[in-house]
Amino acid sequence: MTHIIIVGGGLTGLFASIVAADRGAKVTTVFKGRGGLSLSHGCIDVLDRSSPSRSITLLPDHHPYQLTGKANLKDAISKFRDLMLHAEYPFSGKLSKSMSFLTALGSVKRTSFTPPGIARGDLNSGKSIVLGHFSGFRDFYPWMIQKRSTKAGVRIAKVIDLPLLEPPDRRDAYSTDYALLFEDSEWREEIIRMWRPLLPGVRRLGLPAVLGVRNHCEIHEEIEDSLGIEIFEIPTLPPSVPGLRIERILLRQAQALGVKIIEGVGVIGRIDGRSRGKRVAGVVLHSTGRTIQLDADVVLLATGGMLNGGLVAQQDHRIRESVFDLPVLHPANRSDWVGLSLFHRQAYASAGIFVNSRMQPLGLDEKPMFKNLYAAGGLLAGSDRSLEGSRQGIDLATAYCAVNEALG
Ligand SMILES: Cc1cc2nc3c(=O)[nH]c(=O)nc-3n(C[C@H](O)[C@H](O)[C@H](O)COP(=O)(O)OP(=O)(O)OC[C@H]3O[C@@H](n4cnc5c(N)ncnc54)[C@H](O)[C@@H]3O)c2cc1C
């Protein structure tokens, strides 16, 4: 049985762990912290174009989608959707046609695959929209959404104040606080009773995406049925509940498949001295002042970019890959790493390591550095995932491709 060590607990690492375990590998997944899913809107962005599947073919040769090929992207998405469906959190959408939804900042965002709550907010449906406001919730400002979305051509009829029972009162409430309250059926019953008289004539209501973590679909349907209106969710500022729902499902599924999860431990290098030829013998883990060695047949890096430690910006103007010190492509001059404003191109976000079409990291000679080392997700160079709206599509496609190449 092949033993694969996957480094990283974000979308890429968790999805890769499940794909590998499903294929019969012995999987150990190591990560020092949770990945970026709590920052994500919880949808699968493939490419911010009206027809991603058509536009993908026009991307440059070194782009991750060109390296994996469209078949890997399709299969990865199909696998991801099966996993979510199995967990009663089904995703809808098409590769050939994007859908548009409202963000917490009032902008209109295109994506490819969405969970049920966000799918109901598809702006192409054209029905009149009312937004709900929860007083005391700092990460959702419906009046700002109303004002800004008008500029984007979306008409929001009005904003309604919706009371909540006992919101956490000694501090600002986070979306996760409300999501947990919505899990409580008695609390929900009381909320529905209070809201009913406030919603005459409302047919479609947008709420912050906090309708439960574990039982979202059930909760969503119950509230819709009880109020007799269509309800959709708008992803909030972090922590993002739709992102956390995905993280929870993937973690549970990985554990159910026997993946050994080592959380809170950094991987600081490879085991040296025992490597035969161009193979990695395993990795060195570091936690609370001691190091241990973990042998592996295959290592897959899913350590992400700068935020979660896959790439580290150094004082010497170099960006270093944190585990194997693989060559990283980035602008030589540090002042060129960031754009003029948040909304300009950020060169640091495209920094990453180059891989071949098998997802093997390449050395400066453009040859694979190790025969049994693979990489996927936010660690890869070749795309500005934020600007082109391709984060999760790249994470899934490259993770799927890397595992299949590694396991043969
Ligand atoms: C700056 C930033 C902004 C984002 N904005 C958005 C957004 O606007 N919309 C959106 O949908 N999503 C956003 N995301 C989330 C995004 O979906 C994911 O972060 C991204 O897709 C990469 O996923 P990943 O699994 O490859 O890496 P990550 O999610 O970054 O996960 C990396 C994992 O590797 C672990 N790790 C790293 N180095 C080591 C090491 N040496 N040893 C052990 N473990 C290690 C980390 O602890 C973490 O578990 C953002 C993320 C970042 C970083």
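Biologist: How far is a nitrogen atom of the ligand from a polar backbone atom of glycine 309?

Modeller: This is a predicted model, in which local features need pLDDT of at least 70 and side-chain atom pairs count only at pLDDT 80 or more, while totals for chains, interfaces and linings use all residues. Residues are numbered from 1 along each chain as its sequence is written, and side-chain values use heavy atoms, with hydrogens and water left out. For glycine 309, the distance from its polar backbone atom to the ligand nitrogen is 3.4 Å.

Biologist: Which residues come nearest to the ligand?

Modeller: A residue is near a molecule if one of its heavy atoms lies within 4 Å of it. There are 33 residues around the ligand. Glycine 33 has a backbone N or O atom 2.6 Å from a ligand oxygen, and glycine 36 also has a backbone N or O atom 2.6 Å from an oxygen atom of the ligand. The nearest residues are Gly33, Gly36, Asn308, Gln392 and Asp395.

Biologist: How many residues does domain 2 bring to its contact with domain 1?

Modeller: An automatic or database assignment sets the domain bounds: domain 1 is 29-90 + 243-335 + 348-407, and domain 2 is 104-234. Their C-alpha centres lie 33 Å apart. With contact taken as heavy atoms within 4.5 Å, domain 1 gives 18 residues and domain 2 gives 19 residues.

Biologist: Which three residues supply 34% of the area that domain 1 buries against domain 2?

Modeller: Buried area is the accessible area (1.4 Å probe) that two parts lose on being put together, summed over both. Between the two domains this is about 1500 Å², with 57% from carbon and sulfur atoms. On the domain 1 side, more comes from these three than from any other three: Cys43, Arg245 and Arg248.

Biologist: How many residues apart are arginine 188 and glutamate 222?

Modeller: Their side chains form a salt bridge with an N to O distance of 2.9 Å. Helices (H or I, at least four residues) and strands (E, at least two) are DSSP runs, numbered from the N terminus. Arginine 188 is in helix H8 (residues 185-195) and glutamate 222 is in helix H9 (residues 216-227), so the pair links distant parts of the chain. The separation is 34 residues.

Biologist: Is the peptide bond from proline 238 to proline 239 cis or trans?

Modeller: Proline 239 sits in the loop between strand E10 (230-234) and H10. Omega of the bond from proline 238 is near 0°, and the bond is cis.

Biologist: What is the phi of methionine 359?

Modeller: Methionine 359 is in the loop between helix H11 (347-350) and strand E18 (373-375). Its phi is positive, in a residue other than glycine, and lies near 70°.

Notes: Polar contact = N/O pair within 3.5 Å; in protein donor to acceptor, adjacent residues only side chain to side chain. Salt bridge = Lys/Arg side-chain N within 4 Å of Asp/Glu carboxyl O.
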